[in-house]
Amino acid sequence: MLTAVFGLGLWSYNEARNAVFKGAYRDINSALETTHNSSVDLHRILEEAGLSKIRSYFEKYQREVFDKARNTAKSKGGTIFILDESGNVVFSTSGTSLSGIRVLKGDRLKELFEADETRCEADIFIEGKQALYCARSFKPWNWVIVHAIPSEEATSPLYGIKVATIVISILSSVVMASF
């Protein structure tokens with residue numbers, strides 16, 4: 001009986017964890033798409049006007065993308081940063097150089113640049129903390145746009161489920177032991 005209760009608790013925790021991660025990735029991707037779509041729209045305007053190769057124009061439009069990213073990060077949370085093809089930070093809403101970022105370098109960065117779709121994973125570290133992120137390339141400006149949130153921010157609701165599972169298991173074992 002105790003094994004069944006504990007198994008049910010583990011199952012419910014795992015289901016809740018999967019749902020929390022799906023929801024977090026959906027939210028992260030939504031914020032990423034806002035910034036990416038802004039880049040696409042502004043680049044299209046430059047292309048149609050024949051101004052995409054004129055530095056002062058595309059830099060002004062890139063700054064508009066940065067402003068949009070700042071607003072998106074304020075409203076949705078997390079950090080939005082943009083990397084160039086060498087992995088250098090072009091822009092970051094966190095205001096840091098993101099020297100603590102790991103994983104989005106080398107082959108991983110190359111994969112993100114070459115991909116035509118959004119990639120969402122949980123294997124980067126920002127300032128020593130594991131983060132969930134979604135990334136998408138924007139080839140006209142040689143960017144990878146990334147939106148990341150700390151894993152602990154996404155998984156904090158799971159703490160209550162974990163504690164409840166442990167407490168119920170202990171109470172069940174006490175009740176079972178008294179019979």
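The model is predicted, so local features are taken where pLDDT is at least 70 and side-chain atom pairs where it is 80 or more, while totals for chains, interfaces and linings use all residues. Residues are numbered from 1 along each chain as its sequence is written, and side-chain values use heavy atoms, with hydrogens and water left out.

The chain has 5 helices and 5 strands; these are DSSP runs numbered from the N terminus, with helices (H or I) of at least four residues and strands (E) of at least two. Along the sequence they follow the pattern α-α-β-β-α-β-β-β-α-α. Of the 179 residues, 36% count as buried, where buried means under 20% relative accessible area, exposed over 50%, and partly exposed in between (1.4 Å probe, protein chains only).

Phe58, Tyr61, Gln62, Val65, Phe66, Ala69, Thr72 and Ala73 are buried in α2. These buried residues line one face of the helix, because they fall within an arc of 155° seen down its axis (the arc of the directions from the helix axis to the C-beta atoms). Lys74 and Ser75, on the other side of α2, are exposed. Just after the helix comes Gly77, with a positive phi of about 85°.

The strands can be followed next. An open sheet of 5 strands runs in the order β2-β1-β5-β4-β3, with antiparallel pairing; two strands pair if DSSP finds at least two bridges between them. β2 (89–92) and β3 (119–126) are at the edges with a single partner strand each, so one side of each has no neighbour in the sheet. Within the sheet, β1 (79–84) and β5 (143–150) pair in the antiparallel sense over 6 bridges, and Ile82 has Ile145 in β5 as its bridge partner.

Finally, there is the largest pocket. On a 1 Å grid over the protein atoms alone, a pocket is an open set of points with protein on both sides within 12 Å along at least five of seven lines, and lining residues have an atom within 4 Å of a point. Among the residues lining the largest pocket are His43, Phe58, Gln62, Val90, Trp141 and Trp143. α1 (2–49) and α2 are the elements that give two or more residues to this lining, and α2 gives the most, with 4 residues.

Definitions and conventions
1 Å grid on protein atoms, 1.4 Å probe; cavity = no way out; pocket = protein on both sides within 12 Å on 5 of 7 lines; lining within 4 Å.
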